[in-house]
Amino acid sequence: MAVNLRLLGSLLILMGCTGTGWQHSEALGERVRSMEEISTVIWKIRGEIRVAGIPLGHVFLQVSDQVDKPWADVLRNLSRRMEAQEGERFQELWAAELDALPREQYRREDWTCLLGLGRNLGYLDLDMQVELLDGFLAEWGRRTEECRREKQEKQKVCRCLGLAAGAFLVLLLV
């Protein structure tokens with residue numbers, strides 16, 4: 001009976017540690033997915049500006065129908081606040097609405113880059129806005145690719161460390 005409990009306890013410890021390592025490795029994948037989602041949103045905004053040539057508030061409203069939450073809500077609220085014309089600068093509106101997004105998946109420099117987009121967007125003519133978005137997308141693409149490489153390297157490490165930690169604890173406690 002005691003051997004069975006030890007075996008069960010060892011198995012639970014091993015599974016728990018391995019699961020923790022797996023969970024950390026999946027969090028790295030979530031960051032990549034979030035960054036790709038931002039690229040998609042910005043590409044759609046760029047396309048609407050370039051093709052439709054309508055005011056930015058209407059662009060956000062149209063794109064909000066094409067994307068999933070939480071970006072749909074962010075863009076819809078941004079459009080609504082721009083239409084209200086309450087004297088706030090676009091940069092302030094952008095930053096306030098981005099606060100609704102989950103930040104834990106991004107690094108500080110990624111978040112700063114995303115906030116920086118709001119500094120110039122909306123103040124320029126259509127061609128300059130498209131160029132600004134092209135520049136942002138190039139930088140964001142570089143960041144996303146770096147994140148993908150990092151994910152591939154660190155996912156294996158997280159999984160192996162989880163398994164190794166579980167094996168170490170089993171050997172230590174048994």
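**Exercise 1. Which residues make the nonpolar surface patch, and what is its area?**

The model is predicted: local features need pLDDT of at least 70, side-chain atom pairs count only at pLDDT 80 or more, and totals for chains, interfaces and linings use all residues. Residues are numbered from 1 along each chain as its sequence is written, and side-chain values use heavy atoms, with hydrogens and water left out.

Solution. 
- Step 1. Take residues with over 30% relative accessible area and no salt bridge, and join nonpolar side chains (Val, Leu, Ile, Met, Phe, Trp, Tyr) within 5 Å. A salt bridge puts a side-chain nitrogen of Lys or Arg within 4 Å of a carboxyl oxygen of Asp or Glu.
- Step 2. Met 1, Leu 5, Leu 8 and Leu 12 make the patch, about 480 Å². Areas come from the Shrake-Rupley method with a 1.4 Å probe.
- Step 3. Leu 12 lies in helix α1. Helices are DSSP runs (H or I, at least four residues), numbered from the N terminus.
- Step 4. Leu 12 counts as exposed because its relative accessibility is 53%; the class needs over 50%, buried is under 20%, and partly exposed falls in between.

**Exercise 2. Describe the largest nonpolar core.**

Solution. 
- Step 1. Join buried Ala, Val, Leu, Ile, Met, Phe, Trp, Tyr and Cys residues through side-chain atoms within 4.5 Å.
- Step 2. The largest core has 35 residues; Ile 45, Phe 60, Trp 71 and Leu 114 have the most contacts inside it.
- Step 3. Two or more residues come from each of α1, α2 (56-64), α3 (71-84), α4 (90-98), α5 and α6 (126-173). Helix α1 gives the most, 7 residues.
- Step 4. Beyond four places in sequence, Ile 45 touches Val 59, Phe 60, Val 63, Leu 75 and Leu 133.

**Exercise 3. Find the cis peptide bond.**

Solution. 
- Step 1. Most peptide bonds are trans.
- Step 2. A cis bond joins Lys 69 and Pro 70, with omega about 5 degrees.
- Step 3. Pro 70 sits in the loop between α2 and α3.

Terms used: Buried < 20%, exposed > 50% of the residue type's maximum accessible area, 1.4 Å probe, protein only. Contact = heavy atoms within 4.5 Å. Patch = residues over 30% accessible without salt bridge, like charges linked within 9 Å, V, L, I, M, F, W, Y side chains within 5 Å.
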